[in-house]
Amino acid sequence: LHGSAYYCRKMLEAFEREGADRLFLLGDLLYHGPRNDLPREYAPKEVIPLLNGKKEKLLCVRGNRDADVAQMGMEFPGRADNAVKNLPPLAPGDVLLHGHTHVPAWTEFGQGNLYLNPGSVSIPKENSPHSYMTLEGNTMQWKELESSAVFHELTL
């Protein structure tokens with residue numbers, strides 16, 4: 001999200017449209033960082049209450065732009081520290097969700113494991129669209145944020 005109230009609202013609209021049970025946020029919720037341009041409607045103070053409104057449905061990991069002070073005002077935990085440098089234990093066939101690069105990815109590794117990166121809802125890179133991923137049953141889909149058009153689909 002990188003602090004974009006505009007894209008936070010768009011993401012929450014997509015979440016509702018999908019009828020999803022959970023929303024996984026893969027870091028960098030409030031701040032844009034020195035190498036990124038400000039995203040549309042950069043307003044971290046507006047993002048906090050938008051996310052707090054979904055607190056019971058959120059699962060979050062800490063991004064490189066998520067400082068401890070950013071947790072103030074959030075009514076949900078957003079500081080889990082698992083990262084590529086400190087992978088959680090993976091069993092054969094597990095899926096690793098990853099953010100950070102802002103570039104969508106579908107890559108197999110290890111013992112039938114899958115690395116998935118949904119890209120970014122607010123600051124996509126390498127000419128990728130504003131996007132997200134869904135998991136329904138055993139089907140993963142990578143989708144465009146505003147239209148929910150499917151770019152890629154994979155059956156696990």
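Student: Buried means under 20% relative accessible area. With that cut-off, is Thr-134 buried or exposed?

Tutor: This is a predicted model, and in it Thr-134 counts as buried because its relative accessibility is 15%.

Student: Got it. Which element does Thr-134 lie in?

Tutor: Strand β6 holds Thr-134, and that strand covers residues 131-136.

Student: And what is Thr-134 in contact with, leaving aside neighbours within four places in sequence?

Tutor: Five residues: Glu-18, Thr-139, Met-140, Gln-141 and Lys-143. Glu-18 belongs to helix α1, which spans residues 5-18.

Student: Let's follow α1, then. How does it pack with α2?

Tutor: Two packed helices are described by the angle between their axes and the distance between the axes. For α1 and α2 (residues 44-52), the angle is about 15 degrees and the axes are 9 Å apart. That angle makes α1 roughly parallel to α2, since angles under 35 degrees fall in that class.

Student: What is the handedness of the crossing?

Tutor: α1 and α2 cross in a left-handed way.

Student: Which residues meet there?

Tutor: From α1 come Ala-5, Cys-8, Arg-9, Met-11 and Leu-12, and from α2 come Glu-46, Val-47, Leu-50 and Leu-51. Sorted by class, the contact has seven nonpolar and two charged residues, with no polar ones.

Student: I spotted Cys-8 in that list. Is it buried or exposed?

Tutor: Cys-8 is buried, because its relative accessibility is 0%. Cys-60 is also classed as buried, because its value is 10%.

Student: Changing topic to the backbone: what is phi of Glu-41?

Tutor: Near 50 degrees, which is positive although the residue is not glycine. Most residues other than glycine have a negative phi. Glu-41 sits in the loop between β1 (23-25) and α2.

Student: And what about phi of Glu-126?

Tutor: Glu-126 has a phi near 55 degrees, a positive value in another residue that is not glycine. Its place is the loop between β5 (113-117) and β6, the strand that holds Thr-134.

Definitions and conventions:
Residues are numbered from 1 along each chain as its sequence is written. This is a predicted model: local features need pLDDT of at least 70, side-chain atom pairs count only at pLDDT 80 or more; totals for chains, interfaces and linings use all residues. Side-chain values use heavy atoms; hydrogens and water are left out. Axes are lines fitted to C-alpha atoms, for helices over the stretch in contact, and angles run from 0 to 180 degrees between N-to-C directions. Helices (H or I, at least four residues) and strands (E, at least two) are DSSP runs, numbered from the N terminus. Angles under 35 degrees count as roughly parallel, over 145 as roughly antiparallel, 65 to 115 as roughly perpendicular and the rest as oblique. A crossing is left-handed if the near helix is turned anticlockwise from the far one by less than a right angle, and right-handed if clockwise. Contact means heavy atoms within 4.5 Å. Ala, Val, Leu, Ile, Met, Phe, Trp, Tyr, Cys and Pro count as nonpolar, Asp, Glu, Lys and Arg as charged, and the others, Gly among them, as polar. Buried means under 20% relative accessible area, exposed over 50%, partly exposed in between (1.4 Å probe, protein chains only).
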